[in-house]
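Try each task before reading its solution.

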Amino acid sequence: MKRQLLSLAAFLATTFVWGDHYDLPQQGRGGTEIVPLSTLDLTHATNGWGTIHPDLSINSQPLTIAGNTYASGLGVHAHSRIVIKLNGAVTRFVAQGGIDDEAGDYEGYGIVRYRVVLRGEDGHEVVRHDAIARRGEPAVDFDIDVNGWKYLILEVSDGNGSIHGDHFDWANAYFEYQEQNSSRPEIVEAAVLESPLACATTVFSLPGAPFMHKIRTLDPTLAVRAEGLPEGLRWNARRKLVEGRAPKAAGQYHYTLVAGAHRERVSLTVDARLQQPTPLMGWLSWNVVEGDISQQVVEEAADAMVRQGLKKAGYRYLVLDDLWHAPARNADGTPREDPKKFPKGMKAAADYVHRRGLKFGIYSDAAPRTCAGAYGSLGYETVDARQYAAWGVDLLKYDYCHAPADRATAEERYRVMGDALRASGRDILLYMCEWGVREPWKWGASTGATTWRATYDTRDCWRGAQGGIGILESIHGMKDIWAYSGVNRFNDADMMCVGIHGTGRSSSDLCATGPGMTQDEYRTQFALWCMWSSPLTLSFDMTKPLSKDDLAILTNRHLIAVDQDALGQQAELVGERDGIIYFAKDLANGDVAISATNLNDVAATAQFRFADIPALDASATYRLRNLWTGRRAGKVQGTLSATLAPHATAVYRLSR
Ligand code: GLA
């Protein structure tokens, strides 16, 4: 009896629904053949829960959205990805999409993000739909011209932090298909979309400038080449890089990287007004001043930067880090500086800095609160960007404390701030600080950022403890991401601790050695930051004079020239042997800088082997300059050795 009642209920539910019932059309526009999505082989459709059955919901019920039922389609569950290879003869995709009514009616159930993406032969993607669907909402209509596209991608992911009840239907989904000796659409493995590339694909150059773009693949043996290069650029097959001179005319250029069967489109922006042709140089208040920043600190630091010759050496940005804020915003929502710390207002601080010929930076966070607990910018991006512009801000360090862990949200939040800064009417650099957690070197440039932190906060020590970042940990964080750096897109190894000598605040935490470093260790920090094209950001107490030796390190013009080299290359890791790590950096005039750092706690001898350094020719003779002394050091061929004290770095510039 009970069973009969149940099947009666099921019968009623499926037959006498309150809504309408929809069938597929007999044929497409102009009499084209209809290919229902549900008739394709589903082997490669991915799905987060349950099993996909043709023409049924993920619970094997009739497809039902907001009371209406559909004869055909696919019910899926987040996270789901269906990649359809269109094979040239598909012209149109049509469907209705929404949460199936079977999703449990509980708090947080049945909220998904759905995306419909087209992808071209060259890897170029266009997002046609990207939105949230909720249980009970009417179905969304999809009607997409897919002519000329290689893949159609249907994605369903979580929309609210939980995949419970995330039952989504691609209802009455079909393709219009025009048979022309071509094969029918097919669902292929999502892996075809995964890029085998491990390098930048959004690159920049000044017009007519020397250019280099190194191509790396996850599988180093994969054959790779570049096609369709703009005039002036050529493919160097031996070194797997694009080189030459960028076009003289500003504009957006493209070329294609072919890696095995994969093709990916590179976008090259050529622009005389690039925000950061070379890495930024400046001073940040955080490490020694923390919350004690004020108009006075700004004035003293600006004066000292000029007086000590740091401005002359290239250090231009004076950046106020966290805690410049009043306890709350103004009543109208605009940001307000702490009136005790900045009695003349933030504009006066910026003006003072500008009068010294320096640039002024400020700090915020992509969440309701900053790391140290002041108010953040989430939801106030436009208001804040406008106010920063009015104050005369030139750089925004944008932190990521108190924000969700996922990458998509981070991309979105940085993009929103990037857009707001661009719309602010002032040229303001976006300096990302999400600590490298979500691999910002892969996506930071698309948000408008020109620099992104690659590690957690550097500490004033050789070796960190409990996750603290000493020099060893910085090396670890930076050594494998060099193929993502370039002009206007720099990996940041964070503030240097040269000159702090253990007197900092948070920079003294989480150290296994120190706090404070030997001069050799500080020299190593400076040399590596320069080799890596990292921003050179100082963080010692500007109110006290620097020692002669510290000043000599920080104003070493030969090393600064390596950091600021116009090619923007981060030195490539070229060897790790016997506790010595070797880097080599291509420079704009064809020279090559090489470094060897002794990670051992005892003295050791470094041996550069030119045959292991792709930028060098082992049979050529090079003139050598020791970048510590600045002096020429004769000629070399094939190898070069250097004796190194514990934790010291040898660094040379080689010219043909
Ligand atoms: C984070 C950043 C630091 C600093 C502090 C300020 O830890 O990574 O560089 O800005 O916040 O609170």
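A polar contact is a pair of N or O atoms within 3.5 Å; within protein, one atom must be able to donate a hydrogen and the other to accept it, and residues adjacent in sequence count only if both atoms are side-chain atoms. The model is predicted, so to speak of local features a pLDDT of at least 70 is needed, side-chain atom pairs count only at pLDDT 80 or more, and totals for chains, interfaces and linings use all residues. Residues are numbered from 1 along each chain as its sequence is written, and side-chain values use heavy atoms, with hydrogens and water left out.

**Exercise 1. The ligand shell**

Find which residues come nearest to the ligand, and how a polar side-chain atom of Asp321 is placed.

Step 1. Count a residue as near if one of its heavy atoms lies within 4 Å of the molecule. There are 13 residues around the ligand, and Asp321, Asp322, Lys397, Asp399 and Asp457 come nearest.

Step 2. Look at ligand oxygen atoms. A polar side-chain atom of Asp321 is 2.6 Å from one, for Lys397 the distance is 2.7 Å, and for Asp457 it is 2.5 Å.

Step 3. On its own the ligand has 310 Å² of accessible area (Shrake-Rupley method, 1.4 Å probe), and the protein covers 92% of it.

Step 4. Sort the shell by class, with Ala, Val, Leu, Ile, Met, Phe, Trp, Tyr, Cys and Pro as nonpolar, Asp, Glu, Lys and Arg as charged, and the others, Gly among them, as polar. The shell has seven nonpolar, six charged and no polar residues.

**Exercise 2. Two helix pairs**

Work out how α8 lies against α9, and how α6 lies against α7.

Step 1. Helices are DSSP runs (H or I, at least four residues) and strands are too (E, at least two), numbered from the N terminus. Axes are lines fitted to C-alpha atoms, for helices over the stretch in contact, with angles from 0 to 180 degrees between N-to-C directions.

Step 2. The axes of α8 (residues 471-478) and α9 (residues 519-531) come within 11 Å and cross at roughly 15°. Angles under 35 degrees count as roughly parallel, over 145 as roughly antiparallel, 65 to 115 as roughly perpendicular and the rest as oblique. The α8 and α9 pair is therefore roughly parallel.

Step 3. For α6 (residues 381-391) and α7 (residues 407-422), the axes come within 8 Å and cross at roughly 40°, so this pair is oblique.
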